[in-house]
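Subject: Structure handover

Hello,

Please find the structure below. My notes on it follow.

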Amino acid sequence: MTSDTEQVVLLSDDGAPIGVADKHEVHTDDTPLHLAFSCHVFDETGRILVTRRALTKRAWPGVWTNSFCGHPGPDEELADAVTRRAREELGLELAGLELVLPDFRYLAIDASGIVENEICPVYTARAAGAVLANPAEVAEWRWADTAELQLAVSLTPWAFSPWLALQLPQL
């Protein structure tokens, strides 16, 4: 089957691939378990890149989150998908890509009722160039002190994506 639409890998409860589906058909109020990834990018001084999701995003629009996230294609290696998505979303090249939370999994529901239901391995990397954010994906971005970000998330968790709030203490 060929499709020009972005597809996600559907997973069984134990994490085994069981099929594919169009991304826009999957993210609903009854989202099936699927494969994703998150990446936290740091600069040379140790600050972390946080982004605010574009207001046009279907789930969690306008919410501050990790550097970027996405979904690997059906036959795409996770690390390759992370590298691709960094370029698409942030115009950013990465160095030192490292898988740090291979088994991260979460289920969350945004204010509009859209469900995220993902097995979502988490990566870290260093920025190897300037951020050139895609406005269709990112409303704004900032380099943040990690301790200050952790404090902000703990005091105002509603202003941040649930996956950032869950991942940050584990990094």
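In which helix is the place of Glu89? Glu89 sits in helix α2, residues 78–90. Helices (H or I, at least four residues) and strands (E, at least two) are DSSP runs, numbered from the N terminus.

Some ground rules before the rest. This is a predicted model, in which local features need pLDDT of at least 70, side-chain atom pairs count only at pLDDT 80 or more, and totals for chains, interfaces and linings use all residues. Residues are numbered from 1 along each chain as its sequence is written, and side-chain values use heavy atoms, with hydrogens and water left out.

UniProt, in an unreviewed entry, places the feature "binding site" at Glu89. UniProt positions are in the numbering used here, feature names are shortened, and annotations may be inferred rather than shown by experiment. Glu89 is buried, with a relative accessible area of 7%. Buried means under 20% relative accessible area, exposed over 50%, and partly exposed in between (1.4 Å probe, protein chains only).

Setting aside residues up to four places away in sequence, Glu89 touches Ser67, Phe68, Cys69, Ala133, Asn134, Glu137 and Val138. Contact here means heavy atoms within 4.5 Å.

Glu137 is in the loop between β11 (122–127) and β12 (138–144). Glu137 also counts as buried, at 16% relative accessibility. Its side chain joins that of Arg85 in a polar contact of 2.8 Å. A polar contact is a pair of N or O atoms within 3.5 Å; within protein, one must be able to donate a hydrogen and the other to accept it, and residues adjacent in sequence count only if both atoms are side-chain atoms. Beyond four places in sequence, the residues that Glu137 touches include Arg52, Arg53, Lys57 and Glu89.

**The second annotated set**

The "binding site" annotation from UniProt (unreviewed entry) also covers His27, His34, His71, Glu116 and Glu118. These residues span 92 residues in sequence, yet no two of their C-alpha atoms are more than 12.1 Å apart, so they gather at one spot. From this set, His27, His71, Glu116 and Glu118 are in the lining of the largest pocket.

His34 lies in strand β3 (residues 34–35). It is buried, at 0% relative accessibility. Its side chain reaches the backbone oxygen of Pro32 at 2.9 Å. Leaving aside neighbours within four places in sequence, the contacts of His34 include His27, His71, Glu116 and Glu118.

Glu116 belongs to strand β10 (residues 115–119). Its relative accessible area is 7%, so Glu116 is buried. The side chains of Glu116 and His27 make a polar contact (3.3 Å). Not counting residues up to four places away, Glu116 touches, among others, His34, Trp60, Tyr106 and Trp163.

**The largest pocket**

How much space lies in the largest pocket? About 450 Å³. The method uses a 1 Å grid over the protein atoms alone: a pocket is an open set of points where a 1.4 Å probe fits, with protein on both sides within 12 Å along at least five of seven lines, and lining residues have an atom within 4 Å of a point. Grid points are joined across faces, edges and corners, and the volume is the space filled by probe spheres set on the points.

There are 27 lining residues, and the closest to the pocket centre are Lys23, Arg53, Lys57, His71 and Glu116. Two or more lining residues come from each of α1 (23–26), β4 (37–42), β5 (48–53), β7 (68–70), α2 and β10. By class, the lining has eight nonpolar, eight polar and 11 charged residues. Ala, Val, Leu, Ile, Met, Phe, Trp, Tyr, Cys and Pro count as nonpolar, Asp, Glu, Lys and Arg as charged, and the others, Gly among them, as polar.

**Other residues**

- Trp60 is in the loop between β5 and β6 (64–65). Its phi is near 50°, a positive value in a residue other than glycine. Trp60 is buried, at 9% relative accessibility.
- Phe42 is in strand β4. Phe42 and Trp143 are 101 residues apart in sequence and 8.1 Å apart in space, C-alpha to C-alpha. Trp143 is also among the residues that Phe42 touches.
- Ala139 is in strand β12 and is partly exposed, at 39% relative accessibility. Outside four places in sequence, Ala139 is in contact with Arg52, Arg53 and Ala54.

Best regards
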